[in-house]
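Thanks for coming, everyone. Let me put the structure on the screen, and then we will walk through it piece by piece.

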Amino acid sequence: MAEGAARNTDRKMKSLIDGLLRRMTLEEKLGQLNLVADAGGAVTGAAVNKDAGKKISQGMVGGMLNVWSPDKLRGIQELAVEKSRLHIPLLFSADVIHGHKTVFPIPLALSCTWDMKLIEKSAHIAATEAAADGLKWTFSPMVDVSRDPRWGRVAEGGGEDTYLNVHIAAAMVKGYQGKDLSRTDTVMACAKHFALYGAAEAGRDYNTVDMSPQKMREVYLPPFEAAVKAGVGSLMTAFNDVNGVPASMHKGLLKDILRKEWGFGGIVVTDYTAINEMTAHGVGDLKTVSALALKAGVDMDMVGEGFLTTLKQSLAEGKVTQREINRACRRILEAKYKLGLFDDPYQFFSKQRAEKKILSAAHRQAAREAVARSCVLLKNKDNVLPLKKNATIALVGPLADDKKNMLGTWAVGGDPEKAIPVAEGIKNVAGDGATILYAKGANITDDAELAKKLNVFGETATIDARPPAQMIAEAVAAAEKSDVIVAVVGEAKEMSGECSGRTDISLPKSQCKLLKALAATGKPLVLVVMSGRPLTMEWEDKHASSILMSWFGGTETGNGIADVLFGDYNPAGKLTASFPRNVGQIPVYYAHKKTGRPAPADAFKKFTSCYLDAPNTPLYPFGYGLSYTRFDYSPVQLSNTELRDNETLKASVTLTNTGKRAGAEVIQLYIEDPVASSTRPVKELKGFKKVFLQPGEKKKVSFEITSEDLKFTNADLVRDWEAGEFVVHIGTSSAATQSSAVQWRRSENPRRLAASPKTPPARKHGAP
Ligand code: NOJ
């Protein structure tokens with residue numbers, strides 16, 4: 001929008017909202033801060049709101065969550081627009097996390113594409129379908145960095161790395177919001193969960209977080225800042241406490257960092273009943289915590305109705321001010337204005353648009369491509385993959401012909417009946433040439449107690465009437481008649497996601513037994529692993545011929561996986577979270593700090609930092625992923641070996657496809673800062689490029705590095721770079737890089753800089 005037009009819109013918006021605020025009663029203002037869940041919608045917490053319809057007509061509700069479809073929402077909107085005194089439209093929101101009805105791979109899977117255009121497009125398609133279904137606000141992206149695969153919600157994020165999550169956050173916000181929130185193909189995004197939710201102690205959901213401010217700023221906050229810079233319309237507070245203060249009343253985070261430092265002017269909404277839960281955190285009754293949340297800068301109360309029921313009293317007691325209430329109310333009205341709801345509150349309820357856009361062939365095709373691009377090839381001994389289209393294939397495993405689990409966690413709009421299971425995808429891709437011998441082989445789990453917990457949203461972990469031994473025997477019989485076994489194994493969809501922490505992240509025992517029996521046949525064994533988190537797979541790594549990590553792929557799972565299995569698409573996904581060898585290693589992540597007693601590579605040495613019973617390294621490192629072709633890297637070439645201040649360093653490698661197939665490679669750039677005033681990670685991702693090469697083709701790939709890329713937050717919380725040596729690593733994964741070093745100097749007068757407490761140290765210890 002041109003500047004003049006934007007100013008005009010701002011003036012119009014201000015005058016409309018000023019007018020409304022003058023006419024609104026206190027109750028009506030508090031009503032706007034009230035986000036309610038209806039029992040008829042997708043419920044994600046213990047509570048739901050009562051009498052939503054009545055409250056809407058009385059102006060006591062600002063928005064609703066997790067209900068959709070033009071007909072349903074039109075009826076609800078009519079209550080607000082026709083019945084309530086000031087006719088203020090409702091804002092309809094939902095957890096559209098990885099697609100709406102065309103479900104895309106889970107976010108962790110999408111992150112493995114390292115393809116920001118694809119990620120942006122997936123968000124745009126989600127927005128198009130959601131807005132066609134009447135929604136104008138999604139609670140996505142989740143930009144919580146997490147280094148703990150026990151935490152079930154790693155499925156919803158972009159993995160362990162800050163830099164990658166920064167880029168994903170921006171791409172998602174752009175994809176959802178586009179350039180104009182009022183269009184029929186955009187929705188307002190919500191970066192969540194602010195903050196540090198991914199650092200929950202012991203990987204247990206909702207658990208406490210205690211962390212140095214330096215680490216917060218280095219690792220966990222940058223993706224939120226990136227979302228804010230990308231113009232995200234809203235942020236959601238986290239359930240956890242942060243250094244003794246629940247996130248939903250954390251002034252340091254919400255006021256000082258978010259509002260003041262980053263200048264965020266959009267909506268801050270709590271997570272589901274997060275205000276009420278502060279009472280259980282032990283910081284006060286509902287009235288107290290509601291006032292504290294408002295004062296800290298929360299605008300909207302999700303489901304708990306603490307604002308609605310207590311702020312009047314708090315205002316009378318002088319615990320909150322009219323100004324604070326007005327400010328929150330204004331932010332919500334502004335969002336509604338920008339979303340076009342005041343122009344025409346019914347414009348997003350069009351059945352024709354819904355029919356045309358939702359699950360369109362183009363959307364399904366994009367989802368299919370996303371599945372193939374999300375797959376990570378972890379092992380491929382003797383090039384067992386790709387499969388021949390005329391092979392006899394034993395297709396086994398509890399997830400081989402399953403529709404119920406394909407969509408993964410948080411696919412509240414998705415219909416499993418529309419999903420393509422692997423068995424169907426294989427038929428679609430291989431055609432009549434291949435002979436498929438199917439046997440289920442095992443249940444996802446034989447543990448009835450666990451199955452009960454997994455089946456809360458309908459039965460997804462089914463326990464077969466046949467005894468496990470019989471199922472295994474059937475699978476082995478199929479294997480013996482085949483050229484190759486494809487075992488589709490993994491988690492049930494509810495084994496990851498919210499409140500789905502696991503202390504053992506291996507494949508369930510039922511499936512391990514099946515795999516052992518299959519391996520004993522001596523036939524080539526290909527594993528397709530579906531899950532919402534990294535799994536521990538040491539046995540599988542030793543005994544399977546090939547392992548394809550497919551995660552949960554959504555609606556087009558089967559087609560996308562089959563495209564990879566038969567080589568119609570050459571896999572190029574790279575892990576965005578390290579795969580530990582065992583849970584005892586957690587957290588294991590590539591950007592770890594150095595210790596004073598480093599251990600020799602993966603060996604035990606007394607009095608060094610290592611374990612008696614396992615190496616320090618993960619089974620598969622961050623950035624790792626194989627291809628059906630081979631890529632060779634030349635040594636790293638640097639444009640300079642000495643730089644000053646704002647000069648730009650060009651770091652290049654020549655990549656050659658030395659294999660027989662065309663394919664893509666994600667070239668990764670890491671920077672190491674060997675000496676600094678604070679301890680630094682061994683290396684940090686600072687760039688990546690995905691390059692497609694024909695067999696025999698070569699390409700020079702260059703990265704530009706400036707002193708901006710060298711900055712870090714030091715122990716005094718000053719963010720800057722420090723002069724000295726830097727090592728540039730480029731390679732195919734965090735654990736396989738080549739490197740070259742440079743000296744980077746500053747020309748400022750170090751004494752002048754040292755005089756100011758805000759200025760960073762001018763040079764590193766021992767730097768020239
Ligand atoms: C709780 C989850 O933590 C959050 O991510 C989600 O958006 C809300 N429920 C709403 O469903």
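Start with strand β1, residues 34-37. Two bridges join β1 to β10, and the two strands run parallel. Look for L35: its opposite number in β10 is M302. One caution before we go on: this is a predicted model.

Now widen the view. Which order do the strands of this open sheet take? Reading across, it is β4-β3-β2-β1-β10, five strands with parallel pairing. At the edges sit β4, residues 137-138, and β10, residues 301-302. Each of those edge strands pairs on one side only. As background, strands of a sheet pair through backbone hydrogen bonds, either parallel or antiparallel.

Move along to β2, residues 63-65. Three bridges connect β2 with β3, again in parallel. Here M64 stands opposite F92 of β3.

Stay on β3, residues 91-94. Are its faces covered or open? Both are covered. L91 and S93 are buried on one side, and F92 and A94 are buried on the other.

Next, the cores. The largest nonpolar core has 134 residues. Within that core, W137 and F194 have the most contacts. Which helix gives the most to it? That is α6, residues 116-132, with nine residues. Domain 1, 364-585, and domain 2, 631-745, both give residues to this core, so the core lies between them. In general, nonpolar side chains tend to be buried together in soluble globular proteins.

Last stop: helix α19, residues 468-480. Let's check its length. There are 13 residues, and at 1.5 Å a residue they should span 18 Å. The end C-alpha atoms are 18 Å apart, so the two agree.

Which residues of α19 are buried? They are M471, I472, A475, V476, A478 and A479. Down the helix axis, the buried residues fall within an arc of 160°, so they line one face of α19.

Over to you for questions.

Notes
Residues are numbered from 1 along each chain as its sequence is written. This is a predicted model: local features need pLDDT of at least 70, side-chain atom pairs count only at pLDDT 80 or more; totals for chains, interfaces and linings use all residues. Side-chain values use heavy atoms; hydrogens and water are left out. A nonpolar core is a set of buried Ala, Val, Leu, Ile, Met, Phe, Trp, Tyr and Cys residues joined through side-chain atoms within 4.5 Å. Buried means under 20% relative accessible area, exposed over 50%, partly exposed in between (1.4 Å probe, protein chains only). Helices (H or I, at least four residues) and strands (E, at least two) are DSSP runs, numbered from the N terminus. Domain bounds come from an automatic or database domain assignment. Two strands pair if DSSP finds at least two bridges between them. The expected span of a helix is 1.5 Å times one less than its number of residues. The arc is that of the directions from the helix axis to the C-beta atoms.
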